[in-house]
Structure formats: structure tokens, C-alpha cells
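This briefing is meant for a reader meeting the structure for the first time.

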Amino acid sequence: MALAIGTAYDYYLKTYGTQQTSRYDSHRSEDLRNTVNKIKILNKESPLYKVRTSGDVQKFAIDIKESARNIKNVVAAFSESEEGIAAAFDKKIATSSNPQAATAQYIGDSSSLTTNDGFELEIMQLASPQTNIGNYMKRDEYDFLPGSYSFDLNMNSNSYEFQYNINVGDTNADVMNKLARLVNNAHIGLKADILNGSQEMSALRLESKQTGLSPKETSLFRIVPDDTHKSRQAMQLLGIDSVAAMAENSSFLLNGTKHSSYSNTFTINNTFSVTLNGTTPKNEPVKIGFKPGAEAVTDDVQSLVDSFNSMIKIAESHSGMPASNEKLLKDMGNVAKTFSASLNPIGLSVSDKGMISVDREKLSESVVSDDAKQNLNVLNRFKDAVGRKADEASLDPMNYVKKILVTYKNPNSTKNFVCPYISSVYSGMMVDRIC
């Protein structure tokens, strides 16, 4: 039992555990009440069945649930306005003429700017961290004597003492790896790794996560060995108290005026969040502006299509496997095929299995043409249909896995009751495989 639960959780955490939550994952009490009522209606007439809780079933159900959640969040983002997808015309979406040098995100109030507002960046230097690189040493030799050692790592706001032991038989590589783990596990804003050189030589490197220096700072961190002969001797062997590169600020021209920043990510007038990615040739600035309304609509439709296609891919990947009854592939594919004739003229073509490809140029033209209102209406109806199907999959992902039917509810009975076990099969899979 524990093994089955562990398998489900392990797959969930490895596959979806690092995903950021959306604000649409938070719900009001009335939203939750509405979901509960939907589940009651769904399972009131549901037949009794058994599910083989193999690993394949667990993975399939988790994929369905998470993909449906992603689709619902995308649909929710487009449904905040009565205009639906057409609301993207009012969005301010920053764009860069050279994303390799700089990218930007508009974070201001859309009503405060005109679509012509923008700026130019000429980037001379990126902000950089402080880097300390130790001495290169033979990896397989034994230069350190066994014993206990310590050193202080002084930062501008805090000081930390690191203690470490060197055991009999520890090679130079063992000592450096031990110190790298010690620094990384401390989570103090430094990262440590091992540099491997030629002739079996290695050195320990420490680098600050922070970049840039204020005028009052001379360094971001300093390493000082404990005031004992053996600790000082060990530090002389390691050499990690030696600064290889000082932290530096970024340097750039903003509309021709020179500026600098401690970080490569900063805000401009509380309206743009800018990230510097590389330097630019002299007199070849990056132009930061806004995407045209049609392009913003195209981006929104592309994100909807991508989330829809991800569900089709999940259905295809499990098609023919013991877990699947291929209902998911049919249901999602039919949504796209139903709209195929309406979507094709505006740049969305549907494959035989329901996958959708987007002709961005054709789509952009269609949302600013004389038939723009009609075309946007098609997109909104498709968006709503996809949202409804995702809602069904989210309420009962086990509906799409292969099951063993035990018995139907009595169709002539007026006293069929809600079966709480039906809606808890997915949750039970994550908690306990015994029904």
C-alpha cells in the first residue's frame, strides 16, 4: 500500500511539483460550493465500478487532472472580461527588438500609457557576482591532514562559521566536494562547485548569487580561516579566500542617458520590469515597445491551443495502454473537430486526432479584418467549449481510465443517493489504494 502511494506522490512531485501556482488556482467559497454541487450531480447516477490502481493508471489520472487544471486557468484568464479573447487588444504586452540582449515585461497601469510609449537600451556591461576560485590541486592526492577545521564567511549583513572534518583517507577531491556541499546546504546566497582542469587537477569555486556593489562595499563576501595553525594551513592549500572576480554593476544607456544597476533585473518608472541578458554593439540599442493588439490576441490563442494540445498528447501517449479506454482522445478530439470548419479559415487547422496548429500570420489578419467580430466570436465559443470539457475532466479524471463495471444504478429508482466514493477515487489513489 505504501509503495503504491509513494509511486503516485513521487510521479506527481517530479512531474508537477515545481510548477508555479496561478492566481486562478485560488477559489472563493462559492466557487468551491459550486464544484461540490457539480460532483454530486455527476456521481448521483454513476454506476459502481472498480479501478485497477496500477502505476499506469495513477500517472494517467494525474496527467489528466493537471492538464485540465492548466486549461481551466488559461480559459479563466480569457474569461475575466465580457469581451473574452478580444480583451487582449487592450493589453499592454512589452516586446524587445533583441531578446538576447534584453527582455521586458509591462507591469504598469495600461491606462497610463499610449501604445507608442517605449524606450531604447544600449547595454555596455552586465551586473556580475563575486567569484572566489581556490587553488588547483591533484584530485587523488592527500594534501590535508585528518582533523577538525573551521573558517568564517563574512558577508555584509551576516557572518557564518563553517566547521568541517577531514577523515583518514579523504582525498583532495573529497575535501573540496565536502566543502561545496556544506556551502550549498547552508543557503546563504552563495553557490559552490568544482572546476576540473587538466592533468587530474581541480579547484573549489564560490560565487555569490547577488550581483553588483554599492559605493560603501568593497566585496560581497570574505573568507577568513580560524586563528589556528592547521586551519590557516588548510586555507592556504584550498585558496578559496582569493577573489578571482569582484562583483560589478550593470552599465547601460537608457534613451541616451547613462545608468547602472546592482542587478540585471530592474524596474523603470514602476512600469517595466527589464532583464539584461547580454551587451549590445555600440549605437545598436535594444528597442523596448509594445506588441500590436492583433499579436497579443494571437499569443493568447496560441497559449489556449498549446494547453489544449497538451491534453491531446496525454491521451495519445496512453492510447492503447492498459490504463486508457481512449475516451479522453475521442472527447477532446471531438471538441476540435466540431469547430474545425469555423477555425480553419482564421488560421487554426485541426488534424485527424484533434491536434491544432496555428498559422499566426493568418490568425492575426483574421482578428483585424472586416469579419473580426465574427472570427473572435468563433474563438470565444471554442474557448468556452474547451473550458467545459476541461472542467469535466478535472471533476472526474477517473472517468477516462479503464474500469471494471460492477453494476448500474436502478434507472427506475427515484431514490438514488450521492455516492461519495465515486468522487474520492482520484483522491484515494493518492492516499490509499484500498477501497
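Helices, of at least four residues, and strands, of at least two, are taken here as DSSP runs and numbered from the N terminus. On that basis the chain, which is a predicted model, has 11 helices and 20 strands.

**The chain as a whole**
- Of the 435 residues in the chain, 41% count as buried, and the accessible surface comes to about 24000 Å², with 49% of that area belonging to carbon and sulfur atoms.
- Among contacts between residues at least 6 apart in sequence, 72% join residues that are at least 24 apart.

**An open sheet of five strands**
- Five strands, in the order β2-β17-β4-β13-β14, make up an open sheet with antiparallel pairing.
- At its edges are β2 (94-96) and β14 (257-261), each of which pairs on one side only, and the twist from one strand to the next averages 30°.
- The antiparallel strands β2 and β17 (residues 286-290) are joined by three bridges, and A94 stands opposite F290 in β17.

**Helix α5 and its surroundings**
- Within α5 (residues 229-238), the residues S231, A234, M235 and L238 are buried; seen down the helix axis, the buried residues of α5 fall within an arc of 100°, and therefore line one face of the helix.
- An α-helix has 3.6 residues a turn, so residues three or four places apart point the same way.
- The cover over the buried residues of α5 includes β7 (147-155), β8 (159-166), α4 (172-186) and β11 (221-225), whereas the face turned away from the buried side carries the exposed residues H229 and Q236.
- After α5 comes G239, with a positive phi near 75°.

Key. Residues numbered from 1 in each chain as written. Predicted model: local features only at pLDDT ≥ 70, side-chain atom pairs only at ≥ 80, totals over all residues. Heavy atoms only, no water. Pairing = 2+ DSSP bridges. Axes fitted to C-alpha atoms, helices over the stretch in contact; angles between N-to-C directions. Buried < 20%, exposed > 50% of the residue type's maximum accessible area, 1.4 Å probe, protein only. Contact = heavy atoms within 4.5 Å. Areas by Shrake-Rupley, 256 points an atom, 1.4 Å probe, with all protein chains shown as cover. Arc of directions from axis to C-beta.
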